[in-house]
Amino acid sequence: MLDREKVGRAILTQRKLKGMTQKQLADLLNVSYQAVSRWEQGLSLPSVDIIYDIAQTLETTVDFLLKGISEERKVISYMDAGLDVRKLHIIKDQLCNFITKDNALLHVRTAAPIFFKPDIDRMKEPICVFAHHVPGSKEHYAMENGYDREICMDLVSNAANNLIRFGVKPMLLQANMLCGNNDGGQILIMGEAFKEACEHNEIIFAGMEVSAQAVNYHMNDYKIGATIIGMTDKEKIITGKDIIEGDILIGLHTEGISSISYPFIKVILDKRPDIAYAKIDEQHVFMDELMKPNDCYVNVICELCKKHLIHGMFRMDRSLFNRRCYDTMPKGLGASILLSSIPMPALFQYVYNLNMMDRECFLEDFALGIGMILVVPKEQCDEAVQLIQQYHSCYVIGSIEKDEKHPDARVWLK
């Protein structure tokens, strides 16, 4: 025999899960709301000819309704895990407004592949280049101290510079974020920062994919990354093979400090937390200077490449004297750097004056405000400098020499 109370409890539970009132359910079934009330109280049973309609309306099975349940269903939702899915979808819809409107971007949608049609008509042998980047240690300081815009712009610069150093023009970037149950304001600020940085450097922004994981991240915690894609003609890839003895080294200035140097900054701040917001000069605060985005060199390098003014490029990840940065240097040649030709930025002068590392250690860990070194023909050095200065500060910092005195050193201090 059917248990009226169990059947009634099953109808009540399913109705509440659907967010319906008794009257709404009654209207859909063409019965009175009093009839629905009597079923749910266990005072009567639905007739056989209507039980199927109830199951369909409540999106359950006849078997479930007839057997009933002895207690309310045990349901776990995203809200129980701390995630407001409805709000997340609203945020994702708003992020779509930041996507670059470009005919080459054929299709981009949340959690779907990007369909992109690059212009390769003038290329003899098109090469697609892509890389994924994360901010490294710098992200932790950005998150803790509210430099959310800066870390996004810094990530775009580093990703774009990694491609352009080979002469590859970055064409498209998509960001991604892991975060907690965010209120949306922070996410939208960061999405807009990605858009601004991309479009300033003529890179299509294909949006920011957000994966909210409230069980793994606190409210304002996040991890970001970016995938960048570029296209070039194979014959235009800059490999460093054209570097010759006598070429001139031009250092391009950058703001902030490379992410790879941040572990050293953490050690300094752990020992001297009092300096985080100290003034390094009359106008600048230490943390503000640390968190400035690195410069992006896409536009100026594209101009230099059009004029065939570049023989090679070295991106400074950590130090001017890190051999790994010069891995494209032809065998038998090396970069001879004149340290006195590089103006010492106030940020690095402040770090050095803390007297927490000796001169050799300091030069091994910091690039002194140089983000990229260009190798240009000696006879065209002045032309290159004049062009670069339209975009960035730059300095002639040395030359390419044979490494007879420095076997396989690739770089040395002059």
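Author: A residue is buried when its relative accessible area is under 20%, exposed when that area is over 50%, and partly exposed in between (1.4 Å probe, protein chains only). The structure is a predicted model, in which local features need pLDDT of at least 70, side-chain atom pairs count only at pLDDT 80 or more, and totals for chains, interfaces and linings use all residues. Residues are numbered from 1 along each chain as its sequence is written, and side-chain values use heavy atoms, with hydrogens and water left out.

Reader: Which residues of α9 are buried, and what makes them lie on the same side?

Author: Helices (H or I, at least four residues) and strands (E, at least two) are DSSP runs numbered from the N terminus, and within α9 the buried residues are Q186, I187, M190, G191, A193, F194, A197 and C198. They are placed on the same side of α9 because they cover an arc of only 155 degrees around the axis, the arc being that of the directions from the helix axis to the C-beta atoms. An α-helix has 3.6 residues a turn, so residues three or four places apart point the same way. Their cover includes α6 (85-95), α8, β4, β5 and β6, where contact means heavy atoms within 4.5 Å.

Reader: How do you know what span is expected for α9?

Author: The expected span of a helix is 1.5 Å times one less than its number of residues. With 16 residues, α9 is expected to reach 22 Å, and the distance from its first C-alpha to its last, 23 Å, is close to that value. After α9 comes E202, with a positive phi near 55 degrees.

Reader: Why is one side of β3 and of β5 left without a neighbour in the sheet?

Author: Two strands pair if DSSP finds at least two bridges between them, and in the open sheet with the order β3-β6-β4-β5, four strands with mixed pairing, β3 (126-133) and β5 (204-212) each have a single partner strand, so they stand at the edges. The twist from one strand to the next averages 15 degrees. Inside this sheet, β4 (residues 169-179) and β6 (residues 222-233) pair in the antiparallel sense over 10 bridges, K169 having M231 of β6 as its bridge partner. Helix α9 (residues 185-200) packs on the sheet and touches β4, β5 and β6, its direction making about 155 degrees with that of β5; such angles run from 0 to 180 degrees between N-to-C directions, with axes fitted as lines to C-alpha atoms, for helices over the stretch in contact.

Reader: What makes β9 a mostly covered strand, and which strands does β9 pair with?

Author: Strand β9 (residues 333-337) has five of its five residues buried. In a regular strand the side chains alternate between the two faces of the sheet. In β9 both faces are covered, with L333, A335 and I337 buried on one side and G334 and S336 on the other. Five bridges join β9 to the antiparallel β11 (residues 394-402), where I337 stands opposite G398, while β9 and β12 pair in the parallel sense over three bridges, A335 having V411 as its partner in β12.

Reader: Why does N30 count as exposed, and why does L368 count as buried?

Author: N30 has 71% relative accessibility and therefore counts as exposed, whereas L368, at 4%, counts as buried. N30 lies in the loop between α2 (22-29) and α3 (33-41), and L368 in the loop between α14 (359-365) and β10. Most residues other than glycine have a negative phi, and most peptide bonds are trans. Phi of N30, however, is positive, near 60 degrees, and phi of L368 is also near 60 degrees and positive.

Reader: What makes up the largest nonpolar core?

Author: A nonpolar core is a set of buried Ala, Val, Leu, Ile, Met, Phe, Trp, Tyr and Cys residues joined through side-chain atoms within 4.5 Å; the largest one here has 103 residues, and those with the most contacts inside it are L173, F194, Y326 and I373. Its largest share, eight residues, comes from α8. Apart from this core lies another, of 16 residues, among them I11, L29, I50 and L65.
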